[in-house]
Amino acid sequence: IDFEEAVSFWGSNFGKVNARAMFTEVVEVSEGERTVITKELWVAFWQQVKQSGYTDEEISSEVKNIMEGGSWVDWKDSRVPAHVNSQSVGRQAKTGMVSND
């Protein structure tokens, strides 16, 4: 998936914000770098989320939420998405994820 496809997927639900957050967390690139998320990068991202202590159920639930158009969330892992900082963090789910919803 490339950045434009991700923006299109989220559309009017803060498409660029969600896409930038996903790309900077999954690919760990600086803003502005053009790249794609490969299957290998996607799987590696979710493996490191699981290694951070999340259950398969928590991960599956969030992937379902994303597929239904929900916002990208910041997992309490070693990575930080582009849109999360100390002043912009919104709700924090019971699982330790945060989102700017």
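Visitor: Where is the place of Gln48?

Guide: Gln48 has its place in helix α3, where helices (H or I, at least four residues) are DSSP runs numbered from the N terminus. This is a predicted model, in which local features need pLDDT of at least 70 and side-chain atom pairs count only at pLDDT 80 or more, while totals for chains, interfaces and linings use all residues. Residues are numbered from 1 along each chain as its sequence is written, and side-chain values use heavy atoms, with hydrogens and water left out.

Visitor: Why is Gln48 called buried?

Guide: Buried means under 20% relative accessible area, exposed over 50%, and partly exposed in between, with a 1.4 Å probe and protein chains only. Gln48 has a relative accessible area of 11%, and is therefore buried.

Visitor: Which residues does Gln48 touch, not counting residues up to four places away in sequence?

Guide: With that exclusion, Gln48 touches Asp77, Ser78 and Arg79, where contact means heavy atoms within 4.5 Å.

Visitor: Which residues make the contact of α3 with α4?

Guide: Trp46, Val49 and Lys50 of α3 meet Asp56, Ile59, Val63 and Ile66 of α4. By class, this contact has 5 nonpolar, no polar and 2 charged residues, where Ala, Val, Leu, Ile, Met, Phe, Trp, Tyr, Cys and Pro count as nonpolar, Asp, Glu, Lys and Arg as charged, and the others, Gly among them, as polar.

Visitor: Why are α2 and α3 called roughly perpendicular?

Guide: Their axes come within 10 Å and cross at roughly 80 degrees, and α2 and α3 are therefore roughly perpendicular to each other. Met22, Glu25 and Val26 of α2 make the contact with Leu41, Trp42 and Phe45 of α3, and these residues divide into 5 nonpolar, no polar and 1 charged.

Visitor: How do you know that the span of helix α2 agrees with its number of residues?

Guide: The expected span is 1.5 Å times one less than the number of residues, so the 12 residues of α2 (residues 15–26) should span 16 Å, and the end C-alpha atoms are 16 Å apart, which agrees.

Visitor: What makes α2 mostly covered?

Guide: In α2, 9 of the 12 residues are buried, among them Met22, Phe23 and Val26, and the buried residues pack against α1 (3–10) and α3 (39–51).

Terms used
Helices (H or I, at least four residues) and strands (E, at least two) are DSSP runs, numbered from the N terminus. Axes are lines fitted to C-alpha atoms, for helices over the stretch in contact, and angles run from 0 to 180 degrees between N-to-C directions. Angles under 35 degrees count as roughly parallel, over 145 as roughly antiparallel, 65 to 115 as roughly perpendicular and the rest as oblique.
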